Protein chains: 2
Amino acid sequence: MTQGSNLLQLKRLGIDTYKEAVIYLRTDCHMCRSEGFEVHARVRVTLGGKSILATLNTLEGDLLQQGEASLSNYAWELLGANDGDPVQLSHPNPLQSLSFVRSKIYGNSLKKDEIKSIIGDIALGRYSDIHIAAFLTACAGGRLNEQEVTSLTESMIEGGQKLTWSVDTVVDKHCVGGLPGNRTTPIIVPIVTAFGLTMPKTSSRAITSPAGTADTMETLAPVDLDLKAMKRVVEQEQGCIVWGGSVSLSPADDILIGVERAMDLDSEGQLVASMLSKKISVSSTHVLIDIPVGPTAKVRSFEMAHTLEHLFQVVAQKIGLNLSIILSDGSQPVGRGIGPALEAWDILAVLQNKSEAPQDLRERALILAGNILEFSPKVAVGEGRKIAEDILESGKAFEKFQKICEAQGGLREPPVAKYTHSILSPQRGCVANINNRQLARLAKLAGAPHDKAAGVELHVPLRTLVDKGEPLVTIHAESKGELSYALSLLDQIPEIIQVEAGE
Amino acid sequence: MTQGSNLLQLKRLGIDTYKEAVIYLRTDCHMCRSEGFEVHARVRVTLGGKSILATLNTLEGDLLQQGEASLSNYAWELLGANDGDPVQLSHPNPLQSLSFVRSKIYGNSLKKDEIKSIIGDIALGRYSDIHIAAFLTACAGGRLNEQEVTSLTESMIEGGQKLTWSVDTVVDKHCVGGLPGNRTTPIIVPIVTAFGLTMPKTSSRAITSPAGTADTMETLAPVDLDLKAMKRVVEQEQGCIVWGGSVSLSPADDILIGVERAMDLDSEGQLVASMLSKKISVSSTHVLIDIPVGPTAKVRSFEMAHTLEHLFQVVAQKIGLNLSIILSDGSQPVGRGIGPALEAWDILAVLQNKSEAPQDLRERALILAGNILEFSPKVAVGEGRKIAEDILESGKAFEKFQKICEAQGGLREPPVAKYTHSILSPQRGCVANINNRQLARLAKLAGAPHDKAAGVELHVPLRTLVDKGEPLVTIHAESKGELSYALSLLDQIPEIIQVEAGE
């Protein structure tokens, strides 16, 4: 095989396939013939010193000339390609780490090195979506043991960047999702940093929920900070609230999350590894974990919560992290808004000590902030909440929040949706039940989280008395299409809020 | 949402993504904005009365104008689209069957209706490759119980076409793969049909092996017959050897196999369901199953073989199929050739009673054919093999084979590879061990099964005495590139054939 005989010239078609590397060749490409490449095959693409694996799609017609090839945008970026660059194609060596994935599928436990090799290949973009889906599925449903989750955590840490700080104590918190509107981070960070602790908070975007903290925070200030910018903000303000994905703390995890979203699946081992690896990457020393428990929350029972709690503690101990875990009430949404901007308005109301601020969100934030303050040797156990409340009420928390937002690129006002529709109570009675999952689904149907202003506003917490015709929830949407789409599905999800007749 | 506001005009770009439905929209498409569609999202595409689900890829540049959309070829076919057709896009209803897939991932067993709903959605092209990979993984590694495998089998039968015959006894055979070169079907069918039994044989293409029976048979005659053509051949000749995929006996299974190939994974429950459903679809009444057992065969131990045997028997009984199972020696390849054309040459040698015909292939075919003949009330137990041998030696089998090939579209000569390279024995000694898996891998590296003439020729069966420098295997390739690629990997797979020193 002479050098050059398998060179093709790159032509940018600008096809965005999300995080799947795809190579486009003509259906009658001479090289497909001579090398025996078939559509859907995995092909090794080399440009300069870099190689990636890509899935082959073929093109009829004249989008490409003989001798030309194109790449999906993701593959284009991985290779750092330019129009006209010559790429070399070859058969990929079988990926050894895929045999470990198969071994896991057959129920074997994986060794540290095997997991490291899988995560390394994923971070380098060598897995197709099919391979990633197989790996995630094989690990879901409690099929990773404690040692494997530890290895997964360590592998994710090793694959990413790491931040270091000049202080000894670096605090952090994480909420195991599933509770709409539970957006305490932007309240806690200013309280804790105003006290003097260091809290460099990275948050995630939504995986399967209507909003992640990063989505919500983005309506108030930029969150796409790189590592250097994040470090600058934290050195200046002792804290930040940024998107973890943009600082490449765990490139493999970001890819895994993309496929998890498509599968609408959260796996327990993956969750623990994803979360703890990010805490280690930002050099956190003390972490508080909030696990809301409720029949329609992500964690549905105390049994599940204790399993998760145990897994968190075991792995944290192995990787040398000081962990404190709180199980909280997950029976209903927190605050009033569900969706990025709606949640942001709730946060602002609490920080500004407004009388109409949602008290449940305020109370949760104070409890969690208090627990974090107690990581400090200066705060006695049991005194944290009071100190947190003083900082919030004095206005120091809001002042700090504004400074953090400015340091991140500027405080801004969250958008307001153009279209709204309220659902009214069919009768006089008492709010007996709220289905978190269906409420979250409704918010997503209305456009959250991609439409920042979209979502659902909940007017009546559990056990509220309502009159017939009183609004229960208001749907917010940025487009008429999405609003009517969400409304059209309402008939199929009738029992979002159950009002029991009576006084 | 007014009708027409979300109509786009189709423009064919001719992108082949294999069996994944993809819709291409402009990155700045107004509808993406108004409907909130994001890259990688699943979108419902409606044309006339038909709807499909497709994964969204976006395009920069001017491949599409505003108001235009394109589809991958698979999606194009599913919708029966024409250039310029108007398609309507909408948010898909959540696929209920995906919640059953998630339930399976969490280790629950699935009910008949749930499996039926999954298979139905897959057959309609509603699953993305990610969803299919998750389903396959969740079912692999022995995670389907007997009832689930039965339901899977029945669901696949219900989703496909069904053939019926005018005779009471319809025989069939199936070999549980993994043994390179074990291509007995094209020998057995002519023997059994020459005797007078009806054997409408559908075979598969390779999933993870260097050749499936359909790939091999295709080098001798057309195998892509539709149901009508297949019926005509069988009515005329009592038998056929065609590709099962082209007669749509189980559309879901064909899609599953495509993803299994990308994962390089065979699951036991899937295997049983795939195989038995196809036998019921062609209305077989009596089926012989051959399970080769050997350390490097697909079934590695008698324990695995018995598990599989039991699963086959349980499901066969539930769906009313008469099953006979043979466990055979799987310690080494059968015949000399591994790869479509090379295996075809072996078959011809046996059918033509040539002295150089591989005796192991001949013997296996006779044993299996004999067992099938004993399904006939006219043949006493123990007499089948002798009758089969008489039919083969008399030339009646080859005569019948030619007639079947002619009826399928014409007998043809298998191709011969342009490039070969022999691997010589490093010493005088005895062939002590042959690694089937590595031999199969070598044949695939050389280009099999997509290059029909490519593969590996094995010169020395187990326990043969060889001289130093005597050829052990010859690699055949259609291109220089593939030959040198296969050779370049030889160093990494040293012990394909182990020759022990001595007389």
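1. Basis. The model is predicted: local features need pLDDT of at least 70 and side-chain atom pairs count only at pLDDT 80 or more, while totals for chains, interfaces and linings use all residues. Residues are numbered from 1 along each chain as its sequence is written, and chains are lettered from A and ligands numbered from 1 in the order in which they are written.

2. Domains of chain A. Chain A is split into domain 1 (7-90), domain 2 (171-243 + 279-408) and domain 3 (419-501); such bounds come from an automatic or database domain assignment. The centres of domain 2 and domain 3 of chain A, taken over C-alpha atoms, are 26 Å apart. Their contact involves 24 residues from domain 2 of chain A and 20 residues from domain 3 of chain A, where contact means that C-beta atoms, placed from the backbone, lie within 7 Å.

3. The domain 2 side of that contact. Strand 13 (337-338) and helix 13 (340-351) of chain A each supply at least two residues of the side of domain 2 that touches domain 3. Helix 13 of chain A has the largest share of this side, three residues. Helices (H or I, at least four residues) and strands (E, at least two) are DSSP runs, numbered from the N terminus. By class, this side has 11 nonpolar, nine polar and four charged residues. Ala, Val, Leu, Ile, Met, Phe, Trp, Tyr, Cys and Pro count as nonpolar, Asp, Glu, Lys and Arg as charged, and the others, Gly among them, as polar.

4. Contact between the chains. Chain B contributes 50 residues and chain A 51 residues. Elements of chain B that each supply at least two residues include strand 2 (15-16), helix 3 (96-105) and helix 10 (251-263). Helix 5 of chain B gives the most to the side that touches chain A, with seven residues. That side of chain B has 20 nonpolar, 20 polar and 10 charged residues. Strand 5 (residues 50-59) of chain A and strand 2 of chain B pair in the antiparallel sense over two bridges; pairing requires that DSSP finds at least two bridges between the strands. In this pair, A:Leu59 has B:Ile15 as its bridge partner.

5. A sheet in chain B. Which strands form this open sheet, and in what order? There are three, in the order 8-11-12, with parallel pairing. Strand 8 (171-175) and strand 12 (322-329) of chain B stand at the edges with a single partner strand each, so one side of each has no neighbour in the sheet. From one strand to the next, the twist averages 20°. Strand 11 (residues 286-293) and strand 12 of chain B pair over eight bridges, and B:Val287 has B:Leu323 in strand 12 as its bridge partner.

6. A helix pair in chain B. Helix 7 (residues 185-195) and helix 15 (residues 384-393) of chain B pack at about 100°, with their axes 10 Å apart. Axes are lines fitted to C-alpha atoms, for helices over the stretch in contact, and angles run from 0 to 180 degrees between N-to-C directions. Helix 7 of chain B is therefore roughly perpendicular to helix 15 of chain B (65 to 115 degrees). B:Ile191, B:Ala194 and B:Phe195 in helix 7 meet residues of helix 15 including B:Ile387 and B:Leu392.

7. A:Glu495. This residue lies in the loop between helix 18 (480-488) and strand 19 (497-501) of chain A. A:Glu495 is exposed, with 9 other C-beta atoms within 10 Å (exposed means 12 or fewer).

Terms used
A residue is buried if 20 or more other C-beta atoms lie within 10 Å of its own, exposed if 12 or fewer, and partly exposed in between; C-beta atoms are placed from the backbone. Two residues are in contact if their C-beta atoms, placed from the backbone, lie within 7 Å. Angles under 35 degrees count as roughly parallel, over 145 as roughly antiparallel, 65 to 115 as roughly perpendicular and the rest as oblique.
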